[in-house]
Amino acid sequence: MNEHCQTENLTRREFIRSAGFVMALGATNSVGFPQLVNLPKQSTIIRIRQVDSNFEREPLNPYRFKGSAITESWQVASLLESESGIRKVGLCTQGVLWSDAKVFANHSERVGNALMYAISDRALQMLKGNTFTDPVTLLDNLFPEVYAYAKTITRNPDLRKTFALNALVSVDNAAWLLYAHENGLTRFDDIIPAPYRSGLSYHHEKVASIPSFSVGATVESIKKAADEGYFILKLKTGAAGTQADMLEKDLAFLTAVHKAIGHYETPYTQSGKIPYYFDANGRYEKKETLLRFLDHAHKIGAFDQIAVIEEPFDERNEEFVGDLGVRIAADESAHTVDDAAIRIQQGYSAIAVKAIAKTLSMTMKIAQLAFEKKVPCFCADLTVNPILVDWNKNVAARLAPFPGMAIGLQETNGHQYFKNWDKLMAYHPKAGATWTRTQRGVYPTDASFYAESGGIFLPSPHYDGLFPA
């Protein structure tokens, strides 16, 4: 990929003209679109007449995790226009570091984003002139070739599947919007295919709004959030440095956090205490190291307040985790429903689902598997824009209650890291609705939220405006 993609004034046209992107697209013409099979007979067959894509770069306050940091976020918009003239725009927030740290490390931050964007555009080109009936089957057919293409242009044969899934989010969202319109469906409940409805059958009246604190966050900032009513906080561990350095910093962090907020009370947990949600993003190389972290939690009286520890190990670590005495959650390692099934066998007893990072289609499958296996789920964030927050919220509000808690759970940290969060909020078609704002640590998901499906089916003039008719 041409390093000139790093220019501060990079636009989509300039990006497409860059030698690296032209070279990448040149390799796509020899790959045919796979034949769609097993389509539901009751649904409309939708032919895609036109496709397009665009992106905007949004600056971030540095968000540190996985031993690195992100400083900007690309907001990708994908347009699908059907033969009947209906145009729908799907959105995606790209998460290169989260989805594949190796790609992030091997390129500048901008080039890593450019690679993911090229994959999104490739998927759109595969769709042009072809038909689909339902988005889940569409994703099943798209993914193998898109993933193969992604491995080629990143020059990474071990590319994590999540990188390709993240690139497909805007395409998948546009497909769901087009599917809903063409079939006369107006509510989120209506678009859930029958095989996945039991996994998304709850209607919580409230959803926890979970902020996220990156590695190096001050205890003062964490205490401030707890004082504002946030009752469950995502705390990034896995500090930079050697494993010994990391553990020393993580133990000191745990001690400081527990001293500052361990005594806080909340009406949303059975214990009445504030729960801890740790995320190490695969930084712990050995089970023994995590056991030392847990031993320290026991010593300071914090262990019983640990609700979940997310992704402590690299996904290639196949050690059994069901004997640690604490709930271990899979996130980025549960790329697909098959990967989630393997993680459950390895003792993972929770799954962080991400409709905004692994596609809504794949998330429905994972949520249903987890429901059948009695493994609780919650929604994690990717520092996404406000519209995508409500795509995720539609899932979080329908998941079965997390053990020990009374409401749905959703991490949402965009307000912490986007420098222009208020501007992004203005792009939401229901900006100002009660369920778009956190109130004392929760989103009120009342009847209006379900009636309007969080506003996700409504057009956003800003993002639609990226594609003049």
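**Confidence in the model**

The protein chain has a mean pLDDT of 91, and 91% of its residues reach a value of 70 or more. Where pLDDT is low, the predicted coordinates should not be read in detail.

**Pocket and cavities**

| Space | Volume | Lining | Classes of lining residues |
|---|---|---|---|
| Largest pocket | about 450 Å³ | 24 residues | six nonpolar, six polar, twelve charged |
| Largest cavity | about 180 Å³ | 21 residues | eight nonpolar, six polar, seven charged |

In the largest pocket, the lining residues that lie nearest the centre are Lys-66, Ala-101, Asn-281, Gly-282 and Asp-314. Helix 4, which runs over residues 101–106, contributes the largest share of this pocket's lining, with four residues.

In the largest cavity, the residues nearest the centre are Phe-65, Ile-70, Trp-98, Leu-382 and Thr-383. Several elements each supply at least two residues of the lining of this cavity, namely strand 1 (46–65), strand 2 (68–82), helix 3 (96–99), helix 5 (109–127) and strand 7 (233–236). Helix 3 gives the most to the lining of the largest cavity, with three residues.

**Two packed helices**

How do helix 7 and helix 13 lie relative to each other? Helix 7 (residues 161–182) and helix 13 (residues 360–372) pack with their axes 8 Å apart and at an angle of about 95 degrees. Angles of 65 to 115 degrees count as roughly perpendicular, and helix 7 and helix 13 are therefore roughly perpendicular to each other.

Where these two helices meet, helix 7 brings Leu-165, Asp-172 and Trp-176, while helix 13 brings Leu-360, Ser-361, Met-362 and Met-364. Sorted by class, the residues in this contact of helix 7 with helix 13 are five nonpolar, one polar and one charged.

Definitions and conventions: Residues are numbered from 1 along each chain as its sequence is written. This is a predicted model: local features need pLDDT of at least 70, side-chain atom pairs count only at pLDDT 80 or more; totals for chains, interfaces and linings use all residues. Side-chain values use heavy atoms; hydrogens and water are left out. Axes are lines fitted to C-alpha atoms, for helices over the stretch in contact, and angles run from 0 to 180 degrees between N-to-C directions. Angles under 35 degrees count as roughly parallel, over 145 as roughly antiparallel, 65 to 115 as roughly perpendicular and the rest as oblique. Contact means heavy atoms within 4.5 Å. Ala, Val, Leu, Ile, Met, Phe, Trp, Tyr, Cys and Pro count as nonpolar, Asp, Glu, Lys and Arg as charged, and the others, Gly among them, as polar. pLDDT is the predictor's confidence in each residue, from 0 to 100. On a 1 Å grid over the protein atoms alone, a cavity is a set of points where a 1.4 Å probe fits but cannot get out, and a pocket is an open set with protein on both sides within 12 Å along at least five of seven lines; lining residues have an atom within 4 Å of a point. Grid points are joined across faces, edges and corners, and a volume is the space filled by probe spheres set on the points.
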